[in-house]
Amino acid sequence: MNIVYDQNTQTFHLSNKFVSYVIAVEEDKYLSHYYWGKKIKQVHSPSDYPRKDRAFAPNPDHIQDRHFSLATLPQEYSGTDIGDFRVSSYTYTDITGLRANHLNYHGYSIFNGKKTLQGLPHTYVKSEQEAMTLEIQLIDSNHGMSAFLQYTIFEDHPVVTRSVRFQNNGEEALSIKRAMSMSIDLPDSNYDFIQFPGAWGREREVLRSSLVRGIHTLDSKRGTTSHTYQPFLALVRKDTDEFSGEAYGFHLIYSGEFLGNVEVDSFSQTRVQLGINPEHFEWKLGAGETFQTPEVVMSYSEEGLNGMSRSFHELYQNKLIRGKHQYRERPVLINNWEGTYFNFTEEKILNMAEISAELGIELFVLDDGWFGKRDDDYSSLGDWTVYKNKLPNGLKALSDAIHKKGMKFGLWFEPEMVSEDSDLYRSHPDWCIHTPGIPKSRGRSQLVLDFSRKEVRDNILSQMKAILDEVPIDYIKWDYNRNMTELGSAAPEIMPGEVAHRYILGLYEMLEDLVTTYPDILFESCSGGGGRYDPGMLYYMPQTWTSDNTDAASRLEIQYGTSMMFPISSMGSHVSDVPNHQVNRYSSLEMRGHVAMSGNLGYELDVTKLTEPEKEAVREQISWYKSYRKLIQFGNFYRILSPYDNKQHTAWIFVDQNKETAIYFYYQIIDKANKPSKILKMTGLDSEKTYQLDDGRILGGDELMYRGIYLDPDLSGDYKSRCIVLHSIES
Ligand code: GLA
C-alpha cells in the first residue's frame, strides 16, 4: 500500500496490491479524476483529458484556453454554478445568500493510518500499518472556506474510503446546503447500474438495469435510511456476473437521509455521488467551525458481484463492527413476537422459555409489550417501566428465571419514539419531531422523539440505564417503527435544516454511550425489520433484524440482496410458524431452517405449540447449526444461483478460511414436472483439495467447481431445500 504524489505528472496515486486510484491536478487549481480500478504500477504522464473547444462548454475566467472546461473535465469534487452543469458536490452561501463556490486545489498531506470521524461511524484501523490517508485541501480564499478531501487506502482490502471536512476559516458564518461525501467522474458509461430498492417486508430487492443518459437518483427523505432504498449502488460491466467481471460498489456509512446520484453526461462520462440528502439540509457553519460528512466506502472487484460483496463483508467484519461481539459466535435465540404478539403473561413467557431451553436455544428475547401499559401499539412508548399487569414480579425476576434455565435474556426497546398516550408525552408534548404550528402526522400511532435535543436523549438514556443497571440483560433489540415527517424542533437553537442530521448525530452519541457503558450487551438493530439496515448502525450494533417478513421463500430474495453488501454475521433470520404471518405460505420446516441457518439463526413462534416430531427436528437444526455457525457467520459466502432468475431456485455456499469445510444450500422454490437435469458448479473451494460430501461421495475441488454435481432429481415439491456439507480429506 502506498500513496505517492508525483510532481512531474501532478498526480496522486493511491495503491495497494489490488487497486489503484489516481487524482490529477489540472491548471494548478482543479482536481480531475484520472483512474480507479485494477492496480497499475506507476502513472507515467500527466492527465490526458481530451481538451476540445466544445460548444456551450464555458471556460473558467482566468483560463484563455477555450479547450479547457469544467463542463467536460472528469472531476473529483465538482462545484456549483461555475461552469459544470452536472450535479454538484457541494453548495454553500454567504450571509447575503450569494453562492460562493470557488473551492480550488491548495495543498495536501499524506500520513499513515486513518483519522477518526468525530461523532460519526467510520471504518477504523488498529495500527497505522493497516492504512494510509491522503488529505487534499481545497480553498475558497474569498470566504475563507476550506474543504479537506480525505482518501484512505487499506493494506488488505480492495477499497478506498472518502469523506470531506469543511472548515470555515473566514470571519462570517456560511451556510452549507449540499455536502456530498464523495463524487467521482468515470470516463465511460458502459455499465449496468445495480440498486437495492425495497419496502417493508421486501427489503433490498436487486434491480439491475442498463445505465442510460440522464440522472438516476436513490434517496431517503424519511429521517433514516429506510426500507425504500439502500445507501448503496454498484456499477458493473455488461458481462459481469456473480463470478467474474468488473464491479464498482459504493456504500455510505450513515443512518440518516441520503442521496445517491448517477449521472451520465453528454459525453458518456459517468458521475457517481453519495452523501447526506440536501433536501432538508442546511447547516450554518460559524467562523472557525468545521463540518464533517459521513464516509463512503468504494470497492473495486474484477471477480464479479461475489468479489465485490466479499470486499464489503471483510471490511465491515474487520474494520467497522466493533466490541466484544465482533468475532463472537452469535447465540441461537427465540423471540416471542410472532408467537404471542402483545398477548403474553409471565407464565406464558416462562413456559416458552422452558421449552426453548430444552430445544437448545441460548437466548430468550422478550419483544414489544412489556412496559408502560402496552397492550397494543397505541400507547406507552416513552414510558420504560415494567407493565405489572403482564409481569407482576418485574423484569429482574423474569431475567433471573430465564438465566436459571441456562439461557440469556434479551429485551426489546423502541427508544426513539413516544406515544401520545404516555406519561412522557403528557409531560413534554414538545419533545417530538414536529414543526411548531403544523399538524403532526402519526405513523403506527406514534411520534418520533426529538433526539437532536440533549435533554430528550438524556431522559430516555436514564430510563434505559435504570433498567440495565438493575436487570441482567444480555441482548437488546433496538427498534424504530416509523419515518419522520414535519421535520423540525421546538428547541429554538436548532435550525430546521439541521434537525435531521443533528438527530442522527444525537442517536450516534447515545449509542456510543450505551455500547461503551454496557460492552457485554449484544445489540440488534431493527426498524420494522430491515428499514435501518445500514453500515452506520453496524458500527454500534453488530446485528440487524433483516426483515419482518419471515417467510422462507421471500427471505431467499431478501437475504440474497442483503448479502450483496452486509456480512452474514450481521443478518438476523428466524424460523417462524406456517402458514406464514406475512404471506400466508406453507413451507417445510426443513426449508425454513435452511434459510434461517444461512444467517444468525433464531426462532420466532410459539414453541409450546410444537408437536414432538417438530421439536425433535428443531433440536436437530439447532445442534447442527451450533457445530457449523462459526463457518456460516464468519466464513466466506458465495451466491451461486439467484432467486431472481425465473424464481425457481436459489443456491449459496459457505466456505471456511482454509477451504477445509464448506456448506452448500440449495432451495427449490417452485418445482416442475419432469424437470430437466441440472448441474450446479460450486465455488470458493480449493481446486487442489479432495472433498468428501456428507452423502459419502468423494470429489475433487476442481471437479466440484469446474464440472459440478447434479441437483437431487428426487427433490420434489415447492419450497424444499437440501444442505450438503463438504469436508476436505487426504486424497
Ligand atoms: C417491529 C419489529 C418487529 C417487532 C414489532 C414489535 O415491527 O420489526 O420484529 O419487534 O416491531 O412492535
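The second largest cavity has a volume of about 80 Å³. A cavity is a set of points on a 1 Å grid over the protein atoms alone where a 1.4 Å probe fits but cannot get out. Its volume is the space filled by probe spheres set on the points. This is a predicted model: local features need pLDDT of at least 70, side-chain atom pairs count only at pLDDT 80 or more, and totals for chains, interfaces and linings use all residues. Residues are numbered from 1 along each chain as its sequence is written, and side-chain values use heavy atoms, with hydrogens and water left out.

Lining residues have an atom within 4 Å of a point. For the second largest cavity they include Phe 111, Thr 133 and Glu 295. Strand S9 (159-168) gives the most to this lining, with 3 residues. Strands are DSSP runs (E, at least two residues), numbered from the N terminus.

The whole structure holds 7 cavities of 30 Å³ or more. About 130 Å³ of space lies in the largest cavity. Of its 16 lining residues, the closest to the centre include Tyr 30 and Leu 103.

Now the ligand. Among the residues that come nearest are Lys 477 and Gly 529. The table lists polar contacts (pairs of N or O atoms within 3.5 Å).

| Residue | Its N or O atom | Distance to a ligand oxygen |
|---|---|---|
| Trp 412 | side chain | 3.0 Å |
| Gly 529 | backbone | 2.9 Å |
| Asp 548 | side chain | 2.5 Å |

The protein covers 95% of the 300 Å² of accessible area that the ligand has on its own. Such areas come from the Shrake-Rupley method with a 1.4 Å probe.

Key. Near = heavy atom within 4 Å. Polar contact = N/O pair within 3.5 Å; in protein donor to acceptor, adjacent residues only side chain to side chain. 1 Å grid on protein atoms, 1.4 Å probe; cavity = no way out; pocket = protein on both sides within 12 Å on 5 of 7 lines; lining within 4 Å. Helix = DSSP H or I, 4+ residues; strand = E, 2+ residues; numbered from the N terminus.
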